[in-house]
Amino acid sequence: MSPHAGTAGLTPHTLAFVESPVQLLNVLEWAHLRALRAEEAPGGGLTLVVLSPTDPMTRGQLRRMADLARDEGHTVRWEEARGGPSAPFQTIGGLTRLLRRADRIVMGDPFSRYVQLLLTITKARELVVVDDGTATMEFVAQLASGERLVRWHRKGGRPGPRDLIFAPVSSSARRRLTPSARRKVEIFSSMPIETTPEGVTITANEFAWTRATFGPPRITKGADMVGTSLVETGVVDVDRYLEAVAALAKTHGATRYFAHRRESTEKLHRLAVETGLEIVRPDLPLELIARRGPIGRTILSFPSTVVHTLPLALVGTEVRVAVCDIDPAWLTENASPRAQGFLSGVTGTARDVHRLSAVTAA
């Protein structure tokens, strides 16, 4: 099948850019809600552009999600956006015409340099940001305060050479993401948003499409654990993380560990050997995996997106989501000064979850 199958001759009303399975899921949720509100015909006028990453697990999940999008009647355009030095130029060149004709742009990651570059081309009068996990909380806060767009786990560090080179593009993207008389901005989110930027429309993502499409799940008696990429992003020390997972699993009787798509193979191997947990690499976002089942009666997690999304996806079931705080002693010396406060905020603002104190490693 051609990567551009189904796009010939189409002038999209809405152009969506995604780089992760969760972003694609949330575009489907956004489109579903618009259809329910009779604002759009189901599947009508939406071209979903996948800016494919290189790691196999993410690509696999994205392909599964792309199939679900096609089942909903959406057009999917798969771009090998990182397939070599010339790939970005070919991708941007191939999308320029669509960008200039689109009335609305939907994006999953406003921090992405790729997306920021694409925003400099579009003339769309409506921009929509859908959730890219907990980073959405930081994006909204930065937009409200007028700060430059920087991911939370990098904030506090000195800008590198690439940051300085890209600064004009990032500044331009930030201006475009600020509402004006000529441009509407919507944020579609399941995250808690405490301060709404002036002029921005906030729409709640309640995972209605997920609940209508999957489940209800079969619930097992045991507990499952959700992995995190805090080690891979340099926030949490790997040895402390492994000790905490082992202690949590022993205390709550967890048997399965659902790996985050960014977790390294080496770390997961150590987890399996040192904890005895069954490592599961999901082929879809965890919200869909949990909704399909089988899933444990208790889901254990560290501060992450799922402490906000799983209670919504599993509403009406007997599944309990429990979140374990991050002990400051687990942080690496290179962690952002804001890391502890941000992670505490992720946990503290979660609704319908059971909060666990930071475990003491054995």
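This is a predicted model: local features need pLDDT of at least 70, side-chain atom pairs count only at pLDDT 80 or more; totals for chains, interfaces and linings use all residues.
Local features need pLDDT of at least 70 and side-chain atom pairs count only at pLDDT 80 or more, while totals for chains, interfaces and linings use all residues. Residues are numbered from 1 along each chain as its sequence is written, and side-chain values use heavy atoms, with hydrogens and water left out.

Start with helix α8, residues 238-252 (helices are DSSP runs of H or I, at least four residues, and strands are runs of E, at least two, numbered from the N terminus). Its 15 residues reach 21 Å from first C-alpha to last, close to the 21 Å expected (1.5 Å times one less than the number of residues). Y241, L242, A244, V245, A247, L248 and A249 of α8 are buried (under 20% relative accessible area, 1.4 Å probe, protein chains only). These buried residues pack against several elements, among them β8 (219-226), β9 (254-258) and α9 (265-275).

As for the helix pair, the axes of α1 (residues 21-36) and α2 (residues 56-71) come within 9 Å and cross at roughly 15° (axes are lines fitted to C-alpha atoms over the stretch in contact, and angles run from 0 to 180 degrees between N-to-C directions). The two helices α1 and α2 are therefore roughly parallel (angles under 35 degrees). P21, L24, L25 and L28 of α1 make the contact with T58, Q61, L62, M65, A66, L68 and A69 of α2 (contact means heavy atoms within 4.5 Å).

Beyond its neighbours within four places in sequence, L127 touches residues including I105, M107 and L119.

Technical notes:
Buried means under 20% relative accessible area, exposed over 50%, partly exposed in between (1.4 Å probe, protein chains only). Angles under 35 degrees count as roughly parallel, over 145 as roughly antiparallel, 65 to 115 as roughly perpendicular and the rest as oblique.
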